[in-house]
Amino acid sequence: MRISAIDAFHLRAPLERPFGFSQFDYSQREAMLVRVSADAGLAGWGEAYGPAALTLAAVRDFFGPLLIGRDPRDTEALWALLYARSIDYGRKGALIAALSAIDIALWDIKAQAAGTPLYRLLGGAAAESIECYATGFYFGGGEPLEQRWEREARGYLEAGFRAMKMKVGQGIERDAELTAALRGVIGPDIKLAIDANHAYTPVEAVRLARKVEPYDIHWFEEPVSPLDPDAYLEVKRAVSVPLAGGECEYTRFGFEKWFRKRALDYAQPDICSCGGITEAMKIAALASLTSIHVTPHAWGSAVGQAAALHFYAARPRQPFTLTPERKLIECDRTENPFRTKIVDKPIRFESGRWFLPETPGLGVTPRPELFADYLAAG
Ligand code: CA
């Protein structure tokens with residue numbers, strides 16, 4: 001089997017209701033999808049997280065031409081080739097996200113060629129579905145957040161979610177007020193995580209964590225800078241709230257120091273930027289040397305969501321126990337047409353759970369004819 005073509009698509013959709021978080025506001029959603037075509041009519045899809053114009057150029061002009069004529073099933077060798085060719089300039093950021101998109105597409109082809117859903121090639125799944133947590137509760141929107149978030153929370157509860165994640169980063173007092181208000185709305189039985197997107201110093205993060213400790217916080221995500229694992233340790237040693245992070249980290253070479261220092265309780269590589277399936281498996285293997293649980297960050301289209309789902313389904317919880325903590329996968333609920341409108345069939349979602357696709361490969365297939373309204377380049 002040989003790779004005959006690599007196409008990259010930059011999709012863009014303006015948002016009906018812009019929203020913000022601790023770093024900036026969103027007025028549009030973007031996606032960069034890659035299609036790797038092989039002979040025998042097979043095609044695999046992947047996605048890159050991050051600035052789509054940059055990752056598209058990296059696929060189209062830099063990585064793609066290196067792969068023509070290669071066997072798409074040689075995932076390990078091709079990852080090593082692309083990493084070696086970019087190591088002098090890359091190692092993190094958009095180049096690794098572009099590599100991730102290609103790698104996911106190669107695994108999609110490999111699983112299709114094997115006639116099996118991807119998760120089986122990655123170790124197999126212990127259950128047919130995984131519980132989702134709803135990612136939402138962003139800032140902005142022109143009405144009091146308490147009011148909008150209450151409506152939002154009731155919608156998630158109706159959809160069957162039993163776990164949710166809210167944004168913090170508006171100042172410690174305001175964050176604590178909003179956390180208390182949301183806990184009041186959802187009651188004591190729903191898991192609630194908070195996410196600062198690295199808005200705080202360790203001293204500030206500790207102060208906030210102590211204020212929200214009474215509200216049973218499932219994890220505090222990106223409390224401090226992703227450049228400073230020791231800052232995480234300062235927070236971790238001062239509070240009982242578990243810490244999560246890793247969506248800004250890349251490859252096993254990046255994650256290794258976080259694991260060695262035990263700076264996290266939950267590591268959150270994004271399959272669409274950490275180096276793809278090939279690298280996420282290695283990151284998970286490194287994490288298995290520690291007590292750190294790997295749970296993927298996922299904020300992309302149906303393709304990125306499917307990649308995260310297959311990967312996570314095949315990862316066991318550790319340590320083994322008859323009463324393990326529930327595995328929770330991120331389910332972004334912010335406005336994004338690329339989760340549903342560009343694929344023939346989105347991932348099946350029911351009662352707050354995603355069901356593993358049983359068709360060969362990723363199990364979601366983008367249709368370029370559905371891209372027309374969104375195509376910025378490609
Ligand atoms: Ca996050």
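Hi everyone, let's start with a distance: the C-alpha centres of domain 1 and domain 2 sit 23 Å apart. Before I go on, please keep in mind that this is a predicted model. As for the bounds, domain 1 covers residues 3-115, and domain 2 covers 119-355.

So, how do the two domains meet? On the contact count, 39 residues of domain 1 touch 44 residues of domain 2. In terms of area, domain 1 and domain 2 bury about 3100 Å² between them, and 65% of that is on carbon and sulfur atoms. Which residues of domain 1 lose the most area to domain 2? They are Arg 29, Tyr 49 and Trp 79, and together they make up 23% of what that side buries. Hold on to Arg 29 and Tyr 49, please; both names will come back.

The biggest giver is H3, with 10 residues. Sorted by class, that side of domain 1 has 21 nonpolar, seven polar and 11 charged residues.

You'll find His 297 in the loop between strand E10 (293-294) and helix H11 (302-313). Is His 297 buried or exposed? His 297 counts as buried, because its relative accessibility is 3%, and the cut-off for buried is under 20%. Its side chain has two polar partners I'd like to show you. One is the side chain of Asp 270, at 2.6 Å, and another is the side chain of Glu 247, at 3.3 Å. Beyond its sequence neighbours within four places, His 297 is in contact with Tyr 49, Glu 247, Gln 268, Pro 269, Asp 270, Ile 271 and Glu 330.

Next up is Tyr 266, which is in strand E9 (residues 266-267). With a relative accessibility of 6%, Tyr 266 counts as buried too. Its contacts, leaving aside neighbours within four places in sequence, include His 218, Trp 219, Pro 242, Ile 292, His 293, Arg 317 and Glu 325. Take Ile 292 from that list: Tyr 266 and Ile 292 are 26 residues apart in sequence, and their C-alpha atoms are 5.6 Å apart in space.

The side chain of Thr 290 reaches the backbone nitrogen of Ile 292 at 3.0 Å. Thr 290 lies in the loop between helix H10 (276-287) and E10. At 10% relative accessibility, Thr 290 counts as buried. Setting aside neighbours within four places in sequence, Thr 290 is in contact with Phe 259, Arg 262 and Gln 318.

Conventions
Residues numbered from 1 in each chain as written. Predicted model: local features only at pLDDT ≥ 70, side-chain atom pairs only at ≥ 80, totals over all residues. Heavy atoms only, no water. Domains from an automatic or database assignment. Contact = heavy atoms within 4.5 Å. Buried area = accessible area lost by both parts, 1.4 Å probe. Helix = DSSP H or I, 4+ residues; strand = E, 2+ residues; numbered from the N terminus. Nonpolar A, V, L, I, M, F, W, Y, C, P; charged D, E, K, R; others polar. Buried < 20%, exposed > 50% of the residue type's maximum accessible area, 1.4 Å probe, protein only. Polar contact = N/O pair within 3.5 Å; in protein donor to acceptor, adjacent residues only side chain to side chain.
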